Amino acid sequence: MILRNLSPSKLRKLLSPFSLTAHTHTRPVSNSSFNSLINDRSPSFPLPQNPAKTLPFQFFSSPFSSQSGKNKSFSNPLRARDGNYEEAAEQAIAICPGCGIQMQDIDPKQPGYSVKPSAKGQNYKKFKKMTPILDESEISDSLKRGIANEILEFDRVDGLETADNVLDEMPDRVEKERANQKPIVCTRCHSLRHYQKVKDPGVENLLPDFDFDHTVGRRLMSISGARTVVLLVVDAADFDGSFPRKVANLVSNTIDENARSWKEGKSGNIPRIVLVVTKIDLLPSSISPTRLEHWVRAQAREGGAGRLTSVHLVSAVRDWGVKTLVDDVVTFAGPRGHVWAVGAQNAGKSTLINAIGKCVGTKATHVTEASVPGTTLGIVRIEGVLPGKARLFDTPGLLHPHQISTRLNAEEQKLCRIEKELKPRTYRIKAGYSIHIGGLFRLDVEESSVDSIYVTVWASSLIPLHMGRTENIDSMLDEHFGRQLQPPIGEGRVEKLGKWVKKEIHVCGERWDSSSVDIAAAGLGWFAVGLKGEAALAVWTYDGVEVTARNALLPQRAKNFEVAGFTVSEIVSKADRARSKQSPKKRKSSSPKNAPSTASSVSTDGEDSSSDSSSSSGEDLNSDDSTAVSESRC
């Protein structure tokens, strides 16, 4: 009754002593809930028709609440991909310092969800596991009654701090606690940091692609403003698959246009391109750094990065080359420059930025790093790393659909992920034989001018390999794809990954004891071919996966050659045991006594792979020669 008789101005005065923060709606306001408080029957108090207007009263709210000022523009966290690029935007919207997404407390399944942690005292853990003194029988009765306390206090009186000293040191202690306080991140970052996974992978699959041109590209092409330095971050173990060609072409064209403007006396911001090859610790330690740098520069020119300011070979995990990189970046950026770390997903941008912060020695924000693709969702500004007013920005990883790893699920990606130093696995084969890298990539030797060709496989050691006759490919598809040959894992996954297509490559070499040509599949690995002569090869993989023929990155090969059949691995052993339990009668019928006398490859379980019947699905898979592409690499 009181509220009905009060005017809006008097009602505002009545509620103002209890207010803390202004409440701004970005979602539609429910009229029913609003009427319960105000009673819209009164004509002197009109209901707000525009949900974006501020209500004429205030509520209590938490810092990360959707009703707080920092989230007053929140409607969908996926729309705010600029992160904390601008300081003003960071003050208006709470941004996760780990992934750069807008924080919210509405939907726990969406990225950016976070709630303010409960306040805890400085010594909240001090008495957590202590037993009350009255319950401890070994303590003397005199100490329990407090008789001995005076003696103890007398002995410690010289070492006690006075109340004045405590008050004088209180501000310093508060500042130290604030400096050591960890920043609050969203629940998604917490899960990635501690468990290397996201709670709901289905939500991750629904995330829209990061619009690089709108968010970052327009800032790189600006003819005015701060000096721009672009760090092109590339994975050494997947150079062609992770190389950002689109960004390289964009920045190179910007350099040409702004350079002409500069010569004409107009304003022109000429970006600097610094190519950073990460994860060099995954390459064999015997590789020559000079030869690797020449190879990187040549591949970068083919990818569109013709104007490189410098090239750095870095291992963020082992701190190799980080100090030299920091020195060059500080020189190129100047006191007010902007440094952008750009690269494909899982190229190692966030790990590199954390290594730079560690090298500088400042307490910079720790960016979330994980093996899950697409960890960073928005632009993350890193403070305290570069001197002066220079800024360092981490950007979301670019999605490269031509990488085969983007089609795999989490379990299959673990098999393909290279986490240890690469070890060569070499085969000596001739025409009419094929080599499989799991169920993802295959090389056929169709014709050769020499008797033997040496093929070295560079891929994750978890992926099983197989070498056998090309004529038995159909039976391999029917019997072993998804089982012994993984990934893909499971029979149903083979069809879901798509159709296999063929690419013909003509190679030639001058030495048989070292590799001359690499045939790489983006996101997986590569075949290194060594021969003294010429050969006609055919490679098969899923439609849309990029296959590149290039000069050999690692010319060396293994000392011991692999034998025909499957490589020894845990995956092959489990598949063989499962097959033995499911079909014991079939194994007896395919014994050597009943098998034909044709030559065949031998698998690890002793089966004759040529005895398997042909698969109609395999014929359909390999019968599409219309998509074959020819290429020569001599």
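## Two positive phi angles

Gln196 sits in the loop that joins α8 (187–195) to α9 (201–205); helices here are DSSP runs of H or I with at least four residues, strands are runs of E with at least two, and both are numbered from the N terminus. Although Gln196 is not a glycine, its phi is positive, at about 55°. With a relative accessibility of 36%, Gln196 counts as partly exposed (buried is under 20% relative accessible area, exposed is over 50%, and partly exposed is in between, using a 1.4 Å probe and protein chains only).

This is a predicted model, where local features need pLDDT of at least 70 and side-chain atom pairs count only at pLDDT 80 or more, while totals for chains, interfaces and linings use all residues. Residues are numbered from 1 along each chain as its sequence is written, and side-chain values use heavy atoms, with hydrogens and water left out.

Asn346 is another non-glycine residue with a positive phi, this one about 65°. Look for Asn346 in the loop between β4 and α15 (349–360). Asn346 is also partly exposed, with a relative accessibility of 29%.

## Aromatic pairs

The model has 9 aromatic pairs, taking rings of Phe, Tyr and Trp (its six-membered ring) with centres within 6.5 Å; planes under 30 degrees apart are stacked, over 60 edge-to-face and the rest tilted. Phe239 and Trp295 make one of the edge-to-face kind, with 5.4 Å from centre to centre and 70° between the planes. This pair ties together distant parts of the chain, since Phe239 belongs to helix α11 (residues 239–242) and Trp295 to helix α13 (residues 289–303), 56 residues apart. Phe239 is buried at 3% relative accessible area, and Trp295 is buried at 8%.

Now for a stacked example: the ring centres of Trp340 and Phe393 are 4.6 Å apart and their planes meet at 20°, so this pair counts as stacked. Here too the link is between distant parts of the chain, with Trp340 in strand β4 (residues 338–343), Phe393 in strand β6 (residues 391–394), and 53 residues separating them. Trp340 is buried, at 1% relative accessibility; Phe393 is buried as well, at 0%.

## β6 and its partners

β4 and β6 pair in the parallel sense over 4 bridges (strands pair if DSSP finds at least two bridges between them). His338 faces Arg391 of β6. Strand β5 (residues 380–382) runs antiparallel to β6, and 3 bridges join the two. Across that pairing, Arg381 has Phe393 as its bridge partner in β6.

## Charges over rings

Arg550 sits over the ring of Trp526, with its charged end 5.0 Å from the ring centre. Arg557 does this with Tyr454, at 4.3 Å from the ring centre.

## A cis-proline loop

The loop between α17 (473–480) and α18 (491–496) holds Pro487, along with Gln486 and Pro488. The peptide bond from Gln486 to Pro487 is cis, with omega near -10°. The bond from Pro487 to Pro488 is cis too, with omega near 5°.

What does the side chain of Gln486 reach at 2.9 Å? That would be the backbone oxygen of Arg483, a polar contact (N or O atoms within 3.5 Å, one able to donate a hydrogen and the other to accept it within protein; residues adjacent in sequence count only if both atoms are side-chain atoms). A polar atom of the Gln486 side chain also lies 3.4 Å from the backbone oxygen of Gly482. Gln486 is buried, at 13% relative accessibility. Setting aside neighbours within four places in sequence, Gln486 is in contact with Leu415, Gly438, Gly439, Ile463, Pro464 and Ile571 (heavy atoms within 4.5 Å).

Note on methods:
Lys NZ or Arg CZ within 6 Å of the ring centre and 35° of its normal.
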